[in-house]
Amino acid sequence: MSTFHVTSIFLSAALCLTLILMPQQTNAARAFFVFGDSLVDSGNNNYLVTTARADSPPYGIDYPTGRPTGRFSNGLNLPDIISEQIGSEPTLPILSPELTGEKLLIGANFASAGIGILNDTGVQFLNILRIGRQFELFQEYQERVSEIIGSEKTQQLVNGALVLMTLGGNDFVNNYFFPFSSRRRQSSLEEFSQLLISEYKKILARLYELGARRVMVTGTGPLGCVPAELASSGSVNGECAPEAQQAAAIFNPLLVQMLQGLNSEIGSDVFIGANAFNMNADFINNPQRFGFVTSKVACCGQGAYNGRGICTPLSSLCPDRNAYAFWDPFHPTEKATRLIVQQIMTGSAEYMNPMNLSTIMALDSRI
């Protein structure tokens, strides 16, 4: 028998074995899908023509490779740390050429910095993956996985997956409060918040249609307390910008009501509210308790509170990232993000409603 035929038989056997094993892996490991904005983007914007980027130093200075990855962090971001906590590999960006074969079964990250609930949010960033496009890519992802494990196993994988959705902050910061905003001229803060919630409900209902059955939805953090808002509002002693704080105070309770309403309509606790406001407020209001020197000044930036402009190689950079709650004008450091994930995992109803992620994992493991 020729070497060619022996090799062909070996490769065919190996391929069959892979296809036999792969469906079993989908049952054993829980897929993780991520949708949203820069708080959860793991590098999709690296592959787009956009100004919303984190692919140059000093981003990634504390990432295992020491290099920028497209994460808006000094190191790991929210999805990375959740993956770590649930014992899974980090999800790759959907646009990454490395996301092929068995890696698809781990899940995927569809998030894109700059986007919001509304399609006109983030227009200044040019080409970004708005939520509708993220969902189109999710459908394409499911087709790709079906080619590997079949449509029935793919549906099981998607239905059994954990999903993270983070939207809303940009609709205020990069839309309503953005200079010369037409949205602000057209509606009050209350009216705008109501519009966001009604549109967000459609987005989440669509996600359910696409197969998601366990979705953690984060509210906005204390928008007025990020270094960018302290700088732009002219904060003298680090007091949070009142109007942006009011936005979060209006939006977040409406979000909780909407999630509860959706769950009632479905008849199941599909949507889990993560109270990002309280999670962030803990260390913003009492930084020393959590080992931070400051929760007002960003580690990387320019101007007042290091809150002006963006983080670049020319920015002022702090030597110890663990002393800072904020990495850049908008995003928390890895250390602060770990505190947030701690509450996602084990927090009380004040932080996670109707249950935390540890409870979700325990409940779903029995199904």
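Modeller: Here is a look at one helix, then at the sheet beside one of its neighbours.

This is a predicted model, where local features need pLDDT of at least 70, side-chain atom pairs count only at pLDDT 80 or more, and totals for chains, interfaces and linings use all residues. Residues are numbered from 1 along each chain as its sequence is written, and side-chain values use heavy atoms, with hydrogens and water left out.

pLDDT is the predictor's confidence in each residue, from 0 to 100. The protein chain averages 92. Residues 1-28 stay under 50.

Now helix H5, residues 169-176. Helices (H or I, at least four residues) and strands (E, at least two) are DSSP runs, numbered from the N terminus. Buried means under 20% relative accessible area, with a 1.4 Å probe and protein chains only. In H5, 8 of the 8 residues are buried, so the helix is largely enclosed by the rest of the structure. Among them are Phe172, Val173 and Tyr176. What do they pack against? The buried residues of H5 pack against helices H6, H7, H8 and H9. Contact means heavy atoms within 4.5 Å.

Follow H9, residues 242-266. H9 lies across strands S4, S5 and S8, at about 165 degrees to S5. Axes are lines fitted to C-alpha atoms, for helices over the stretch in contact, and angles run from 0 to 180 degrees between N-to-C directions.

An open, mixed sheet has 6 strands in the order S2-S1-S3-S4-S5-S8. Its edge strands, S2 and S8, each pair on one side only. Two strands pair if DSSP finds at least two bridges between them. S5 and S8 pair antiparallel over 2 bridges. Ala274 has Met352 in S8 as its bridge partner.

Key: Buried < 20%, exposed > 50% of the residue type's maximum accessible area, 1.4 Å probe, protein only.
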